[in-house]
Amino acid sequence: MLFDDFEKSKFSDELFKQLTQIIYDRTGLFFNENSKFYLEKRIEIRTASLNINSLEEYLNYLRYDSDADKEWDILISLITTNETYFMREERQLTCFKSDILPEIVKKNGEKKLRIWSAGCSSGEEPYSIAILIKESKMIGDDRIEILATDINSRVLNKAKEGIYSESSFRNVDDTFKAKWFLPYESNKWKIRDEIKNKVTFQKFNLFDTDRYALLGTFDVIFCRNVIIYFDLEAKIKVVERFFDKLIDGGYLLLGHSESLISITEKFKLVHLPNDLVYKKETK
Ligand SMILES: C[S@@+](CC[C@H](N)C(=O)[O-])C[C@H]1O[C@@H](n2cnc3c(N)ncnc32)[C@H](O)[C@@H]1O
């Protein structure tokens, strides 16, 4: 059943404000008036299947129901943008492989290389990173740890499965596919175990401040095409955490349309041969 009151005015301004506020408080995702139609459509479908008849009722469900955590999981899977593909933003990945990796491997000595793909979606990003490290032949498998996290359980399950269709391969050629994937049923491809085993997937909300302490520190943090969905205050909070979680001399790689301008001056923008990237340099 679709909401009667939605048929006329859809979400009232006041309830829409409450909805966007609880989403923001929980996830940092910022929806303004222009996203009203987008959110309405998604929530209408969800509430119809729950037999909930008003947005007010749904808000109470999200706030107080004993199953609220489960419902949040479903809602988040409906409202996050999960667009991704293998070897996205190739120039930056070349920079990672050719400029950053040799520097860190040399500096680390016997120490493990720790990488975090924050907002990894369905896994194309962390698997691309694992492939690049493997191709570089610079470091043994037992000295690499790649943690890949996302708030969305649905995409994480897909990542753990490691089965992809053609659209994930839009930026790579057939040789790449044949080398690192096995043909799977109906035009799909499955990532080879030697790459799959390199990545650990975990559900992690970037605004879950208590859980950062459990992560340890990283040499490189990839957080690409994630903070664009946050407002300035949320961006500042998350980037501050990344700074704390990076070792001195570590790198933060954002998406090409993202920058730290007006977010923080703590990172240094460094010009490496293949790209411009952010580095933590306190000494
Ligand atoms: C557009 S995808 C980017 C995927 C990949 N990093 C790339 O560049 O191809 C953005 C991802 O950020 C995740 N995300 C959004 N808000 C988040 C939050 N608060 N905590 C963790 N992940 C979040 C979404 O679920 C989504 O999978």
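**The ligand site**

Guide: A polar side-chain atom of N205 lies 3.1 Å from a nitrogen atom of the ligand, a polar contact being a pair of N or O atoms within 3.5 Å. The protein covers 99% of the 610 Å² of accessible area that the ligand has on its own; such areas come from the Shrake-Rupley method with a 1.4 Å probe. This is a predicted model, in which local features need pLDDT of at least 70 and side-chain atom pairs pLDDT 80 or more, while totals for chains, interfaces and linings use all residues. Residues are numbered from 1 along each chain as its sequence is written, and side-chain values use heavy atoms, with hydrogens and water left out.

R88 also places a polar side-chain atom 2.8 Å from a ligand oxygen atom. From I151 it is a backbone N or O atom that lies 3.3 Å from a nitrogen atom of the ligand.

Around the ligand there are 22 residues, of which T27, T84, R88, D150 and N225 come nearest; a residue counts as near if one of its heavy atoms lies within 4 Å. This shell divides into seven nonpolar, 10 polar and five charged residues, where Asp, Glu, Lys and Arg count as charged, Ala, Val, Leu, Ile, Met, Phe, Trp, Tyr, Cys and Pro as nonpolar, and the others, Gly among them, as polar.

Definitions and conventions: A polar contact is a pair of N or O atoms within 3.5 Å; within protein, one must be able to donate a hydrogen and the other to accept it, and residues adjacent in sequence count only if both atoms are side-chain atoms.
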